[in-house]
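Please read them with the structure open.

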Amino acid sequence: DSHATISIDRPARYAKQLANHLSHKIQSTPTDTGWDLVFSHGTASIVVTNHSIDFFTNAATTEDTAFI
């Protein structure tokens with residue numbers, strides 16, 4: 001599992017654009033706090049806060065985490 005936080009202006013707008021872009025190739029489901037993403041190698045969540053975007057990944061191996 002991995003976690004990253006990106007501080008950015010207008011995080012909700014950026015996260016929505018990213019989720020919409022990824023939804024052309026993977027499953028992207030809106031949640032109350034952002035989006036859940038399903039990759040062939042695992043899952044990820046995009047969580048929007050007031051000033052940042054948090055990315056959480058869940059995969060079986062280090063290689064799968066790197067893929068996500």
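This is a predicted model: local features need pLDDT of at least 70, side-chain atom pairs count only at pLDDT 80 or more; totals for chains, interfaces and linings use all residues.

1. Fold. The chain has two helices and five strands. Read from the N terminus, the order of the elements is β-α-β-β-β-β-α. The radius of gyration is 12 Å, close to the 11 Å that the globule rule gives for 68 residues, so the chain is as compact as a globular protein of that length. Along the principal axes, the C-alpha atoms fill a box of roughly 30 × 25 × 15 Å.

2. Contacts along the sequence. Among contacts with a separation of 6 or more, 46% are between residues 24 or more positions apart.

3. The β2–β3 hairpin. Strand β2 covers residues 27-30 and strand β3 covers residues 34-39; the two run antiparallel and are joined by four bridges. Three residues lie between β2 and β3 in this hairpin. Which residue of β3 is the bridge partner of proline 30? The partner is tryptophan 35. When looking at the side chains here, keep in mind that in a regular strand they alternate between the two faces of the sheet.

4. Burial and surface. Of the 68 residues, 28% count as buried, with buried meaning under 20% relative accessible area. The chain exposes about 4700 Å², and carbon and sulfur atoms supply 52% of that area.

5. Charge. The chain carries 4 positive and 7 negative charges.

Methods. Residues are numbered from 1 along each chain as its sequence is written. Side-chain values use heavy atoms; hydrogens and water are left out. Two strands pair if DSSP finds at least two bridges between them. The radius of gyration is taken over C-alpha atoms; the globule rule is 2.2 Å times the number of residues to the power 0.38. Buried means under 20% relative accessible area, exposed over 50%, partly exposed in between (1.4 Å probe, protein chains only). Contact means heavy atoms within 4.5 Å. Accessible areas come from the Shrake-Rupley method with a 1.4 Å probe; for residues, only the protein chains shown count as cover. Lys and Arg count as positive and Asp and Glu as negative; His and the chain ends are not counted. The place of a charge is taken as NZ of Lys, CZ of Arg, CG of Asp or CD of Glu.
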